[in-house]
Every structure is written in structure tokens, then in C-alpha cells.
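Please keep the sequence and the model at hand while reading.

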Amino acid sequence: MNDPRETALLASVPDGLFVGGAWRPAADGAVLGVEDPATGQRVKEIADATVADGVAALDAACDAFPAWASTPARERGEILRRAFDLVQERADDLALLMTVEMGKPLAEARAEVRYGAEFLRWFGEEAPRVQGRYGPSPAGSGRTVVTQHPVGPCFLITPWNFPLAMATRKIAPALAAGCTVVVKPATLTPLTTLLLASILAEAGVPAGVVNVVTTTRTAPVSEAILRDPRLRKLSFTGSTPVGQRLLEQAAGGVLRTSMELGGNAPFVVFDDADLDLAVEGAILAKFRNVGQACTAANRFLVHRPVAEEFARRVTERVRAFRTGRGTEEGVTVGPLIDRRAVAASAALVRDAVERGATLRTGGAAVDGPGSFFAATVLSDVPPDSAVLREEIFGPVLAIVPFDDEDEAVRIANDTEYGLVSYVYTRDLARGQRMIERLETGMMGLNVGVVSDAAAPFGGWKMSGLGREGGAEGIHEYLQTKYTLTADPFAP
């Protein structure tokens with residue numbers, strides 16, 4: 001890496017743990033290396049937190065909680081609004097940093113900055129809107145007062161695939177509600193969170209309200225924080241198996257939990273759909289973030305009369321993709337996060353082809369440095385293929401034909417997951433039926449991207465618990481108190 005702008009940007013990113021408003025090394029001086037997945041080169045070393053560091057971060061969050069909880073909601077909102085403005089000002093830096101540490105093309109990284117910033121603005125506006133209620137008791141025994149209060153110190157665990165947006169989606173509602181936080185970003189992509197922490201401090205977030213611990217010792221550090229009786233909330237985005245283990249640990253303290261877990265999203269195309277619109281939606285739903293998104297379409301269920309034409313059009317688009325480092329002009333497909341992800345995509349394609357699927361394009365790793373996998377289209381994928389059961393997390397589009405609406409619904413719902421679904425049809429009644437019949441927490445009807453800071457994000461079944469974003473998002477960080485007061489008019 002010889003780009004002077006990248007060198008300067010990386011040098012400006014703090015390399016310590018952010019605890020109690022100060023940057024500090026790990027207690028034992030250990031460091032972890034961050035690599036560029038497009039080159040395999042180490043780009044920066046940062047502190048590798050110990051268990052003691054994790055507990056110190058929770059100490060800071062607990063110490064800061066009473067003052068932050070009592071800070072007027074309008075003041076908290078104004079701080080988040082300043083953070084939004086600063087993120088906008090630093091948009092180019094944040095986008096480039098994400099591309100370097102995660103690999104996504106710059107255009108997509110810039111889009112993530114816009115999306116991630118919106119959580120700061122949205123929840124800054126929601127902070128003063130938290131309400132309760134007051135009224136007479138139905139039994140005439142007094143007055144009912146219902147109030148909302150911050151749940152307390154929170155532990156936020158974010159994934160590597162959307163380093164900025166997943167951090168702001170958790171931090172913003174927590175701060176808006178009056179909670180303090182310890183953030184543990186993914187080991188693979190911690191730099192964006194470190195830069196965000198410095199921006200939040202510049203915006204006026206008081207010391208100890210936001211703390212960041214980066215670590216390769218994830219399990220012991222997380223367990224120490226989760227077992228601490230002072231912690232009151234866990235929010236996690238990641239795989240379902242890891243989420244299940246964290247839920248077991250959280251059960252001991254009866255913690256409030258928000259879990260955004262795995263997905264196996266169906267993308268259903270009916271024969272009356274606008275195929276141009278469906279193909280465009282398919283490209284967005286599948287290949288955004290190189291397919292490394294929990295909302296990525298996993299199974300493309302296409303009505304048999306249009307299945308071949310849909311496959312032809314999609315393949316034509318995919319063959320025109322340019323693969324390369326995300327900083328290069330015109331690149332549409334960046335690297336996967338690491339070589340293990342490449343091997344996983346290759347195994348899924350190989351299994352499908354061996355079972356009888358047709359490989360239309362791609363299907364193999366790309367030679368050279370970095371962890372690249374060619375954008376792939378498979379058609380006529382047999383129902384027993386692993387690619388239809390497992391979350392792909394790679395640039396592999398798998399097409400399955402179906403014969404009627406009932407079959408489409410049966411296949412779409414035949415999964416333990418229920419995060420998001422996509423449906424393309426011109427038939428308004430059919431669209432309404434699919435809203436009712438598909439077992440997912442979110443749905444895109446004739447659209448390929450559903451994420452919006454103003455909307456509740458979350459799934460059904462094994463895809464998680466709770467909601468992030470929308471009016472619902474702040475309530476994940478609030479707890480309700482009911483008070484019965486004596487009748488003020490009683491003699």
C-alpha cells in the first residue's frame with residue numbers, strides 16, 4: 001500500500017482502547033493486526049484488550065451512567081446531531097477506511113456512511129420524544145403514571161461486514177435513551193469503530209459514555225462483561241450459533257437482549273413481474289457488499305415460465321462486473337473478508353454443481369493476492385443443495401424454479417431463518433398475500449434493499465430478537481416503570 005492518502009488516514013486512526021474518554025494500550029501491551037483483504041497486507045496494529053481491559057471499560061460505563069441518564073434528552077439529541085454532522089464531514093475518510101479494512105468498493109462504502117450517519121440523526125430526533133402516560137385508574141384507586149427509563153450500561157457487539165452502520169445502529173439509540181455503552185467491534189474490521197469513537201468524543205459525548213475494546217480474546221473478554229451484574233443490556237449482530245451462546249451467558253443476569261442473527265432470504269420472482277426491475281433488484285439484493293450481508297438474497301425462487309429469461313439477464317449483468325480492490329475505479333466486486341470465506345463459497349458452488357445445478361458464470365476463486373471470488377450464477381439448483389440451506393455470505397446467486405404461488409411460499413418458508421424476503425409481482429392482491437404468508441420480519445415488495453434508519457430492522461424465528469431502527473429501536477434501551485399515586489381529589 002503506497003497511496004499517501006491511505007497512509008495518512010491510517011496513521012490518524014487511534015491505535016488504543018477507548019476507556020473512560022482516554023486512549024490506552026492493552027493491559028499487557030498486546031496488539032492485533034488489521035489486514036486489507038484485497039492484498040492480504042497488514043495495514044495497522046492496534047491494542048488487543050485483556051479481560052481486565054474489558055472490565056475497566058464496563059467500570060467507566062457504569063461510572064458515567066448516572067450523569068448521562070439524567071442529562072436532558074434534548075441535550076443528548078443535540079450531541080448525536082453534532083456527531084451526524086461530523087460523520088458527514090468525514091465521509092470520505094470513513095468510506096476509504098472501510099474499503100481498506102473490509103474491502104467493499106468505495107461507492108458502497110460511501111453509501112454505508114450515509115446510511116450509518118442516519119442513525120445518529122434519527123435517534124438524535126427520537127431522544128426527546130420518549131413518552132409515558134398518565135390517567136385515572138379504572139378502579140378509581142388513584143392515578144396511573146407510566147414512565148420510561150434507560151435500561152443501564154450496555155454491551156454492544158458489532159460485525160465486520162458493515163463497520164460503521166452496525167456501530168451507529170446500536171450506539172445511537174443507546175445514547176438517545178440515556179444508556180452508556182461498551183462496544184466490541186469485530187477483530188477483522190475495528191478501525192472504523194475507533195475513528196467513530198473519536199468523532200463521538202469530538203461531538204461532545206462525555207467521557208465513559210462510549211467505550212471501545214478491540215480484542216482477539218473475544219470469548220473471555222465478552223464473558224467477563226456479560227457475567228458482571230452491573231451490565232443490563234446486550235446487543236449483538238452476527239451468526240446464529242454465536243448469538244445462541246451469548247444468550248446463554250446473558251440468561252444468568254436476565255439481561256435485555258437484541259439479537260440480529262443469520263438469514264436465508266428468499267427472492268421470489270413471479271411470471272407477471274417487471275423483469276427489468278426484478279433483475280436490478282436481484283443485483284442489489286445479492287451483490288451489495290459482495291454478498292456479505294445478512295439481508296443478502298440467498299435463494300432466488302423464479303416462476304418457471306420466466307426462469308430461463310431471468311437467469312439469462314442476470315448472468316449477462318454479472319459477467320460485466322469488474323472485480324478488484326475497492327479503491328480502483330469501476331470496481332463493482334471487491335474481496336471477500338478472508339480466505340476462509342473464499343473456501344466456503346467455493347464449497348457451496350461445488351456441492352450445487354455436483355448435485356446437478358448449472359454453472360452460468362463464475363464459480364471459482366480469483367488468482368492473485370487477496371481473497372477474491374468470482375461473482376457466480378447458478379441455475380436449476382436442486383432442493384437438497386447446501387447453497388439453499390446455508391447462509392452464503394458471498395457473491396453466489398442460486399436460482400430455483402417454482403410452478404405456483406403455494407410452492408413458492410412453501411420453499412421460501414422452508415428454513416429456520418426469517419430475517420427478510422423479497423417479492424416481485426405486478427399483482428397487488430398477490431403482493432398482499434405474500435406479505436401475510438412469508439415468515440420474515442422484513443420484506444421488500446418490488447424493491448431489492450429494505451434497510452432504513454427510520455424503519456424497524458429485525459427478524460423472526462432463528463434470525464433474532466428485538467428491532468433496530470425506527471420508533472421501535474430506542475425502546476430496546478428503555479425500561480418501563482408504573483406508579484400508582486393516591487387520588488389527588490380524594491377527601
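Predicted model: local features only at pLDDT ≥ 70, side-chain atom pairs only at ≥ 80, totals over all residues.

Does Asn 446 count as buried, exposed or partly exposed, or what is its class of accessibility? With a relative accessibility of 26%, Asn 446 counts as partly exposed.

## Two asparagines with positive phi

Asn 446 is placed in the loop between strand 19 (442–445) and strand 20 (460–461). Its phi is near 65 degrees, a positive value in a residue other than glycine.

Asn 289 is placed in the loop between helix 10 and strand 13. The phi of Asn 289 is likewise positive, near 65 degrees, and this residue too is other than glycine. Asn 289 has 0% relative accessibility and counts as buried, whereas Asn 446 is partly exposed. The reason lies in the cut-off: buried means under 20% relative accessible area.

## Aromatic pairs around Phe 267

How many aromatic pairs does a search of the whole structure find? The search finds nine. One of these is formed by Phe 267 and Phe 300, with 4.8 Å from centre to centre and 35 degrees between the planes, a tilted arrangement. Phe 267 belongs to strand 12 (residues 265–269) and Phe 300 to strand 13 (residues 297–303), so this pair ties together parts that are 33 residues apart in sequence. Both Phe 267 and Phe 300 are buried.

Phe 267 also pairs with Tyr 424; here the rings are stacked, at 5.0 Å centre to centre and with 25 degrees between the planes. Because Tyr 424 lies in strand 18 (residues 420–424) and Phe 267 in strand 12, the pair ties together parts that are 157 residues apart in sequence. Tyr 424 is buried, as is Phe 267. Ring pairs join Phe 267, Phe 300, Phe 310, Tyr 422 and Tyr 424 in a cluster.

## Helix 10 and helix 11

Helix 10 (residues 275–287) packs against helix 11 (residues 304–319) at an angle of about 55 degrees, and their axes are 10 Å apart. The two helices are therefore oblique to each other. The crossing of helix 10 past helix 11 is right-handed. On the side of helix 10, the contact is made by Leu 275, Asp 276, Ala 278, Val 279, Glu 280, Ala 282, Ile 283 and Phe 287. Helix 11 contributes Val 306, Glu 309, Phe 310, Arg 313, Val 314, Arg 317 and Val 318. By class, the residues of this contact comprise 10 nonpolar, no polar and five charged.

Glu 309, found in helix 11, is partly exposed, with a relative accessible area of 28%. The C-alpha atom of Glu 309 is separated by 18 Å from that of Val 396, which is 87 residues away along the chain.

## Helix 1 and helix 4

How is helix 1 oriented to helix 4, roughly parallel or roughly perpendicular? The axes of helix 1 (residues 4–12) and helix 4 (residues 91–102) come within 10 Å and cross at roughly 95 degrees. Helix 1 is therefore roughly perpendicular to helix 4.

Arg 5, Glu 6, Leu 9 and Leu 10 of helix 1 make the contact with Asp 92, Asp 93, Leu 96, Leu 97 and Val 100 of helix 4. Five nonpolar, no polar and four charged residues take part in it.

Terms used:
Residues numbered from 1 in each chain as written. Heavy atoms only, no water. Axes fitted to C-alpha atoms, helices over the stretch in contact; angles between N-to-C directions. Helix = DSSP H or I, 4+ residues; strand = E, 2+ residues; numbered from the N terminus. Parallel < 35°, antiparallel > 145°, perpendicular 65-115°, else oblique. Left-handed = near helix turned anticlockwise from the far one by under 90°. Contact = heavy atoms within 4.5 Å. Nonpolar A, V, L, I, M, F, W, Y, C, P; charged D, E, K, R; others polar. Phe/Tyr/Trp six-rings, centres within 6.5 Å; stacked < 30°, edge-to-face > 60°. Buried < 20%, exposed > 50% of the residue type's maximum accessible area, 1.4 Å probe, protein only.
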